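Entries follow in the order I looked things up.

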Amino acid sequence: MATAIEIRRDLEKYADQLVTASDIAIRYGVSEPRVNNWKRRNDDYPVPVFSRNKRNIWILSEIEDWVSAKGVFCESGHDLGKRNSCPTCNYYKAIRKESVI
C-alpha cells in the first residue's frame with residue numbers, strides 16, 4: 001500500500017491534470033450527469049485517482065484519451081450520445097446540399 005508521502009508526490013506530479021466530473025462536463029460542453037453516465041455505462045472509462053463521497057477526480061489526459069478512442073464526439077465537436085452519426089452535422093449538410101441545387 002502506498003504511503004501518504006508517495007500519494008502526495010503522485011498528486012503533486014499531476015496537479016495541473018486533475019479534473020472533476022464538473023470540469024470534464026465544462027471541457028466537453030455536456031452536463032455533469034452525462035459524464036457520470038459515461039463512467040457508469042462504460043467499463044473502459046478511466047478509473048478515478050481519488051474518490052470520496054461520490055466525488056471523483058481523474059487525470060485529464062486519461063479522459064482525453066478515452067474520449068478520443070471512444071468517438072464520443074463528431075469532428076465538429078457535437079456530442080453523439082449513442083448515435084453513430086451526428087444529426088447536427090447531417091442537418092447542415094442537407095441544408096448546404098439543398099442550397100447548391
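I counted 5 helices and 3 strands in the protein, taking helices (H or I, at least four residues) and strands (E, at least two) as DSSP runs numbered from the N terminus. Read from the N terminus, the order is α-β-α-α-β-β-α-α.

This is a predicted model, where local features need pLDDT of at least 70 and side-chain atom pairs pLDDT 80 or more, while totals for chains, interfaces and linings use all residues. Residues are numbered from 1 along each chain as its sequence is written, and side-chain values use heavy atoms, without hydrogens and water.

I looked up burial next: 26% of the 101 residues are buried, meaning under 20% relative accessible area with a 1.4 Å probe, protein chains only.

How do H2 and H4 pack, and at what angle? I find helix H2 (residues 21–28) and helix H4 (residues 60–70) at about 50°, axes 12 Å apart. Axes are lines fitted to C-alpha atoms over the stretch in contact, and angles run from 0 to 180 degrees between N-to-C directions.

Ile24, Arg27 and Tyr28 of H2 touch Leu60, Ile63, Glu64 and Val67 of H4. I sorted the residues of this contact into 5 nonpolar, no polar and 2 charged.

Methods:
Buried means under 20% relative accessible area, exposed over 50%, partly exposed in between (1.4 Å probe, protein chains only). Contact means heavy atoms within 4.5 Å. Ala, Val, Leu, Ile, Met, Phe, Trp, Tyr, Cys and Pro count as nonpolar, Asp, Glu, Lys and Arg as charged, and the others, Gly among them, as polar.
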